[in-house]
Amino acid sequence: MGPSIKRALFPSYRRLVSRLHELNYLFLEVTQKCNLSCLHCGSDCRKDVSVPDLSQEAILRVLREIRGRQRPHGVTVVLTGGEPLCYPDLFELGAEIRRLEFPWSLVTNGYAWTEDRVRRAEQAGLNSITVSLDGLAAEHDWLRGQKHSFKRALRAIELFTREQFWQAMDVVTCVNRRNLGQLETVYDLLQDRGVPSWRLFTISPIGRAAKLPELLLSPEGYRDLLETIVELRRRGKMAVELSESGYLGRRYELCARDALFFCRAGITIAGIMVNGDILACPNIDRRFAQGNIHHDSFVEVWEKKYAQFRDRSWMRTGLCASCSEWRFCQGNSFHLWDLDQGRPRICHCRDFGLIGEG
């Protein structure tokens with residue numbers, strides 16, 4: 001099927017998926033504790049926090065509830081934070097999730113992994129792993145706020161590519177002004193170590209990054225990123241794509257990633273925050289919470305709420321109201337939506353000069 005046909009059929013496909021509203025991914029913010037202090041953190045995590053961790057009892061209660069309504073093999077449970085390795089009894093929780101027949105995965109900064117922890121992850125049935133690596137040593141350590149964090153993240157990558165017990169593994173990179181020129185070098189570094197997949201994304205003006213505009217790419221820098229991704233994808237040695245950050249316009253959709261832009265937050269993706277709030281992905285404005293697992297049934301909330309996510313016509317205001325790309329963009333990624341201003345914080349087409357291309 002050619003790109004033009006895919007594009008023509010895509011709005012109908014998205015409407016169908018939105019109506020079905022089938023849960024595919026459940027993100028669990030198990031802790032806000034972290035062993036790093038990243039400049040771009042969307043959750044403002046730190047080593048010592050006042051917010052208690054999400055209890056294993058509460059997590060398993062929700063999973064048993066989901067298991068009673070749908071096939072667990074079709075729902076991937078993603079443990080995130082904070083840094084998941086800061087969560088007590090992480091691998092015991094993972095083993096329990098696996099016993100309930102849910103595939104589970106981790107998103108990690110890679111700092112604290114050892115051979116023993118990798119072995120325990122394997123024994124607990126870890127299905128997939130995502131490790132962050134944000135440029136070469138100086139740039140990664142700067143962004144992560146900790147010396148030797150690059151060295152440790154690279155060591156974690158090497159441990160996981162050596163063992164290969166997982167079903168899927170990838171590395172993610174936060175592209176910013178300091179590491180933009182290093183991407184080809186990082187590509188070679190990861191490809192040489194046998195990394196199967198590399199996802200790149202840009203930093204959003206939320207959390208700590210909202211106060212640090214120097215982390216954000218210029219329009220020229222963003223276009224350079226897209227062209228670099230297109231070139232690396234042509235090489236075909238390692239899967240490379242732009243991770244979901246926004247609608248890219250007609251020229252770069254299907255060139256910088258495999259599928260057309262589709263923000264599935266609240267459509268096939270749900271999230272439970274560390275305080276129990278039922279949301280979509282962890283980076284969305286917490287005011288969009290649909291309930292709380294400590295006093296609401298997660299399954300009932302999933303089945304009966306999420307209207308703001310499934311039908312986004314209310315987002316067609318301001319510049320979006322007359323935009324020719326609304327059918328394909330629909331207000332951009334939900335985590336970029338500014339609830340107070342009634343508009344996306346970033347419109348990739350307009351802000352980066354991509355509209356009308358292709």
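**Figure 1. The whole chain.** The protein chain holds 13 helices and 12 strands. Helices (H or I, at least four residues) and strands (E, at least two) are DSSP runs, numbered from the N terminus. The radius of gyration, taken over C-alpha atoms, is 20 Å, close to the 21 Å of the globule rule for 358 residues, so the chain is as compact as a globular protein of that length. That rule is 2.2 Å times the number of residues to the power 0.38. This is a predicted model: local features need pLDDT of at least 70, side-chain atom pairs count only at pLDDT 80 or more, and totals for chains, interfaces and linings use all residues. Residues are numbered from 1 along each chain as its sequence is written, and side-chain values use heavy atoms, with hydrogens and water left out. Along its principal axes, the C-alpha trace spans about 50 × 50 × 40 Å. Buried residues (under 20% relative accessible area, 1.4 Å probe, protein chains only) make up 55% of the 358 residues.

Figure 2. Strands of a sheet pair through backbone hydrogen bonds, either parallel or antiparallel. Here 10 strands form an open sheet with mixed pairing, in the order β7-β6-β5-β4-β3-β2-β1-β8-β9-β10. β7 (239-242) and β10 (291-292) stand at the edges with a single partner strand each, so one side of each has no neighbour in the sheet. Two strands count as paired if DSSP finds at least two bridges between them.

**Figure 3. Strand β1 and its partners.** β1 (residues 25-29) runs parallel to β2 (residues 76-80), joined by five bridges. L26 stands opposite V77 in β2. β1 also pairs in the parallel sense with β8 (residues 269-272), over four bridges. There F27 stands opposite G271.

**Figure 4. Strands β4 and β5.** β4 (residues 128-132) and β5 (residues 168-175) run parallel, joined by five bridges. T130 stands opposite D170 in β5.

**Figure 5. The second largest pocket.** About 270 Å³ of space lies in this pocket. Of its 19 lining residues, R14, R15, S18, R310 and Q330 are the closest to the centre. α1 (3-20), α11 (307-310) and α12 (326-329) each give two or more residues to the lining. α1 gives the most, with five. A pocket is an open set of points on a 1 Å grid over the protein atoms alone, where a 1.4 Å probe fits, with protein on both sides within 12 Å along at least five of seven lines; lining residues have an atom within 4 Å of a point. Points are joined across faces, edges and corners, and the volume is the space filled by probe spheres set on them.

Definitions and conventions
Buried means under 20% relative accessible area, exposed over 50%, partly exposed in between (1.4 Å probe, protein chains only).
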